[in-house]
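Here is a short tour of one protein model, written to be read with the structure open beside you. Take it a section at a time and look up each residue as it comes along.

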Amino acid sequence: MRSEADRSLIDRMCVSPNPFRQSGGSTFSLPSADLFSGVPVALDSAGFVAHHCYGGFPWSVKEYIRLAASYPWDWYASMDLCCEPEIASNREEVRRRQQETIRLLGACREEANRQGIAPPMPVLQGWRATDYLRFAEAMTDLPSLVGLGSVCRRSLSGPSGLLSIIERLDRSLPRGVRLHLFGVKGTAIQKLAGHPRIHSVDSMAWDFQARKAAALHQHSNTLEHHIHIMRRWYTRQIETLPQQAGGKDTAKDVGGAFRQRLCRDRRKAQGQRQINLWMNETNLDWLDGQR
C-alpha cells in the first residue's frame, strides 16, 4: 500500500503499453480496475521505444485500441512514429514518418469508433519547427489537447530547440489548443512553467537518475530506491517553479510571467554577446575572476 505522502506525490501518471505486453508478443494483458489505486493515468503509445528496440510497433492498431478501451485513462495517445535523428536520419525519412503518423491516427480513430471509445490524442511529429507547423497545418480538426513528440532529451535552445518549437507553434496553433510534452528534461520543465500552451509534461529523467545512482554506488535498483529518487526529483522540480500568488492555486497571469522570464533570458544573452564584442579576452578573464 502507498503512504499518504506517496499518494500526494503521484497525482498523475503516464504509462507505456510495454508492461501489459504478454511475454514479448503482440497482445496485452488488460489492467484491473484497481491497478493504479485511483490515481489518474494516461496511456502513451511508446513510439520511441517500439521503433528503437523492435524496429516498429510489435502490436496492431486493433490490439492497442483494445488496451485503450480496457481502462478509464485520462487520455490515450495515438500510435505515432518518432523523428529523432538516431531513427530518422534524413529529411525524406522525417516526412515519411510524419505521413505514417497521420495514417496511424486515422486508423486509431476508426478503430476507437468501432470499439465505442473516445478518439485518441493526436501527436505532432517532426524535428524542425517547420516540420511541426506543416504537420499541424495538415490536420484541420485538432482537439483541445495535442501531444508533442520527439522532444525527449532535446536541446532547449537553437533553431530546432524546444523553446523555438513551442514559440512557433504558439503563434500558429488555433486558440484553445494546448500541448502535452513527452519525456522532457527537468530544465525544460523549469523554463516552460506557466506557458499558456503547455497543458502537461511527463518525464523519465528521475528513472535514469535512479539507475545511474544504483550503478555508481553498486547497490540494487530496488522499488524503494526508485521511490526515493522520484520523490527527490519531483520536489526539486516543484521548488524551482514560480510561486503561486498569495498561496492560491492559480497564479496571476502565468502566461505573462513566462513571457517576462523569456524576455529577461534573451536580454541577458544579447548583453553577453555585446560584452564579447566590446572587451578582449584578457579583460573578459579579469571580469570573470571578479564574480
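Which residues are buried in α5? They are Ala 129, Asp 131, Tyr 132, Leu 133, Phe 135 and Ala 136. Keep in mind throughout that this is a predicted model.

## The chain as a whole

The protein chain holds 11 helices and six strands. It has 291 residues, and buried residues make up 41% of them. Its accessible surface comes to about 16,700 Å², with 53% of that belonging to carbon and sulfur atoms.

Contacts across the sequence are worth a look too. Among those in the protein chain with a separation of 6 or more, 64% are between residues 24 or more positions apart.

## Helix α5 and its surroundings

Start with α4, whose axis comes within 11 Å of the axis of α5, the two crossing at roughly 30 degrees. That angle makes α4 roughly parallel to α5, since angles under 35 degrees count as roughly parallel. On the α4 side, the contact is made by Arg 91, Val 94, Arg 95, Gln 98, Thr 101 and Ile 102, and on the α5 side by Asp 131, Tyr 132, Arg 134, Phe 135 and Ala 138. The crossing of these two helices, α4 and α5, is right-handed.

## From α5 to α6

Now turn to α6. The axes of α5 and α6 lie 9 Å apart, and the helices pack at an angle of about 30 degrees. α5 and α6 are therefore roughly parallel to each other, and α5 passes α6 in a right-handed crossing. The residues that meet are Ala 129, Thr 130, Tyr 132 and Leu 133 in α5 and Ile 165, Arg 168, Leu 169 and Ser 172 in α6.

Which residues of helix α6 (residues 162-172) are buried? Leu 162, Ile 165, Ile 166 and Leu 169 are. Seen down the axis of α6, these buried residues fall within an arc of 95 degrees, so they line one face of the helix. Ile 165 and Leu 169 are among the buried residues of α6, and both also take part in the meeting with α5.

Arg 91 is found in helix α4, which covers residues 91-115. Is Arg 91 buried or partly exposed? Its relative accessible area is 21%, so Arg 91 is partly exposed; buried would mean under 20%.

Leaving out residues up to four places away in sequence, Arg 91 touches Arg 128, Asp 131 and Arg 134. Asp 131 and Arg 134 belong to the α5 side of the α4 contact.

## Helix α3 against α4

α4 also packs with helix α3 (residues 61-69), at an angle of about 55 degrees and with the axes 9 Å apart. That makes α3 oblique to α4. From α3, the contact uses Val 61, Lys 62, Ile 65, Arg 66 and Ala 69; from α4, it uses Leu 104, Ala 107, Cys 108, Glu 111, Ala 112 and Gln 115. Here, too, the crossing is right-handed, with α3 passing α4.

The buried residues of α3 are Val 61, Glu 63, Tyr 64, Ile 65, Leu 67 and Ala 68. What covers them includes α4 and β2 (41-43).

Most residues other than glycine have a negative phi. Against that background, two loop residues are worth checking in your viewer.

Ser 37 is found in the loop between β1 (13-15) and β2, and its phi is near 55 degrees. Ser 37 is partly exposed, with a relative accessible area of 37%.

Ala 46 sits in the loop between β2 and α2 (47-53). Its phi is about 60 degrees, a positive value although Ala 46 is not a glycine. Is Ala 46 buried or exposed? Ala 46 is buried, with a relative accessible area of 6%.

Conventions:
Residues are numbered from 1 along each chain as its sequence is written. This is a predicted model: local features need pLDDT of at least 70, side-chain atom pairs count only at pLDDT 80 or more; totals for chains, interfaces and linings use all residues. Side-chain values use heavy atoms; hydrogens and water are left out. Helices (H or I, at least four residues) and strands (E, at least two) are DSSP runs, numbered from the N terminus. Buried means under 20% relative accessible area, exposed over 50%, partly exposed in between (1.4 Å probe, protein chains only). Contact means heavy atoms within 4.5 Å. The arc is that of the directions from the helix axis to the C-beta atoms. Accessible areas come from the Shrake-Rupley method with a 1.4 Å probe; for residues, only the protein chains shown count as cover. Axes are lines fitted to C-alpha atoms, for helices over the stretch in contact, and angles run from 0 to 180 degrees between N-to-C directions. Angles under 35 degrees count as roughly parallel, over 145 as roughly antiparallel, 65 to 115 as roughly perpendicular and the rest as oblique. A crossing is left-handed if the near helix is turned anticlockwise from the far one by less than a right angle, and right-handed if clockwise.
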